[in-house]
Amino acid sequence: MERSKKPTVGVLALQGAVREHLRSLADCGARGVAVRYPSELSLCDGLIIPGGESTTIGRLMREYGFIDEIKRLAGEGMPLYGTCAGLILMAKRLVEGDQPLLGLMDVTVRRNAFGRQVDSFETDLRIEGIEEEERPFRCVFIRAPWIEEVGSEVRVLAIHRGKVVAACQKNMLATAFHPELTPDLRVHRLFLGMITEGERLLPSMENPLLESGERDTRSVNGREKVEEQRVKN
Ligand code: GLN
């Protein structure tokens with residue numbers, strides 16, 4: 001079958017920041033579709049799991065039969081991108097709590113990790129793998145999780161206050177923050193590149209910010225200092 005060049009990117013539309021992702025995709029010139037039923041996943045070349053409330057999205061995913069279908073397609077290589085609650089849902093492990101998860105990414109996630117007093121904040125971070133990666137990306141965090149542990153196949157892409165806030169693993173990308181709430185399209189373009197060009201677009205595992213198994217405190221702290229200087233709030 002002839003496949004059109006423009007990829008179709010689904011945005012899981014059960015709850016959360018669906019419209020915002022659709023707008024970012026449209027601004028990138030991509031075709032975004034709201035996915036409400038598992039049968040619609042077969043039309044998608046990639047899937048975004050948006051931010052929102054991970055317990056609600058997870059419960060609805062289970063009720064509608066999304067969990068096995070997304071796991072199957074991701075296992076076959078369909079690119080997945082999770083923001084915030086989406087990251088939580090993609091994780092294999094949560095520090096606490098019991099809720100439905102896809103359990104796809106080899107990370108341990110702490111929900112609402114940055115504390116109640118700073119429920120929401122913005123900061124400029126350097127994100128590996130995006131275009132012009134030296135140019136900081138404005139990151140919006142809303143009751144955001146952080147990634148507390150990463151498996152050896154996970155590549156860390158951004159760190160804030162010594163905590164991992166963006167990472168990738170094979171065909172999966174996850175951010176604790178919300179690029180769809182800013183006009184900067186570089187993270188969405190990275191994901192679109194994963195769809196059209198595959199994993200080779202992602203930074204290689206060479207010289208990771210975190211060495212597998214052990215934390216490279218020197219580079220983490222070095223990075224942290226640079227980021228702290230950029231914090232504007
Ligand atoms: N705190 C939410 C949760 O645990 C995530 C917040 C978000 O997606 N902005 O699901």
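Author: What follows is a set of questions and answers on the fold, the core and the ligand shell. This is a predicted model: local features need pLDDT of at least 70, side-chain atom pairs count only at pLDDT 80 or more, and totals for chains, interfaces and linings use all residues. Residues are numbered from 1 along each chain as its sequence is written.

Reader: How many helices and strands does the chain have?

Author: Helices (H or I, at least four residues) and strands (E, at least two) are DSSP runs, numbered from the N terminus. On that basis the secondary structure comes to 6 helices and 12 strands.

Reader: What percentage of the residues count as buried?

Author: A residue is buried if 20 or more other C-beta atoms lie within 10 Å of its own, exposed if 12 or fewer, and partly exposed in between; C-beta atoms are placed from the backbone. The chain has 233 residues, and the share that counts as buried is 42%.

Reader: Why are the buried residues of H1 on the same side of the helix?

Author: The buried residues of H1 (residues 18–27) are Val18, His21, Leu22, Ser24 and Leu25. An α-helix has 3.6 residues a turn, so residues three or four places apart point the same way.

Reader: Which residues touch the most other members of the largest nonpolar core?

Author: A nonpolar core is a set of buried Ala, Val, Leu, Ile, Met, Phe, Trp, Tyr and Cys residues joined through C-beta atoms within 7 Å. The largest one holds 67 residues. Its largest share, 6 residues, comes from H5. The residues that touch the most other members are Met90, Ala167 and Ala176.

Reader: Is Phe191 buried or exposed?

Author: Phe191 sits in helix H5. Leaving aside neighbours within four places in sequence, it contacts Gly46, Pro79, Tyr81 and Leu173. Because 27 other C-beta atoms lie within 10 Å, Phe191 is buried.

Reader: How far apart in space are Val164 and Glu148, C-alpha to C-alpha?

Author: Val164 lies in strand E11 (residues 163–169). It has 23 C-beta neighbours inside 10 Å, so Val164 counts as buried. Val164 and Glu148 are 16 residues apart in sequence, and their C-alpha separation is 6.9 Å.

Reader: How many residues of the shell around the ligand are charged?

Author: The ligand is surrounded by residues including Glu53, Cys84, Arg111 and Arg143; each such residue has its C-beta atom, placed from the backbone, within 6 Å of the ligand. Ala, Val, Leu, Ile, Met, Phe, Trp, Tyr, Cys and Pro count as nonpolar, Asp, Glu, Lys and Arg as charged, and the others, Gly among them, as polar. The shell has 4 nonpolar and 4 polar residues, and the charged ones number 3.

Reader: What is the phi of Cys84?

Author: Cys84 is in the loop between strand E4 (80–83) and helix H4 (85–90). With 29 C-beta neighbours inside 10 Å, Cys84 counts as buried. Its phi is positive in a residue other than glycine, near 55°.

Reader: Where is Arg143, which has a positive phi of about 40°?

Author: Arg143 is not a glycine, despite that phi. It is partly exposed, with 17 other C-beta atoms within 10 Å. Its place is the loop between strand E8 (137–142) and strand E9 (146–150).

Conventions: Contact = placed C-beta atoms within 7 Å.
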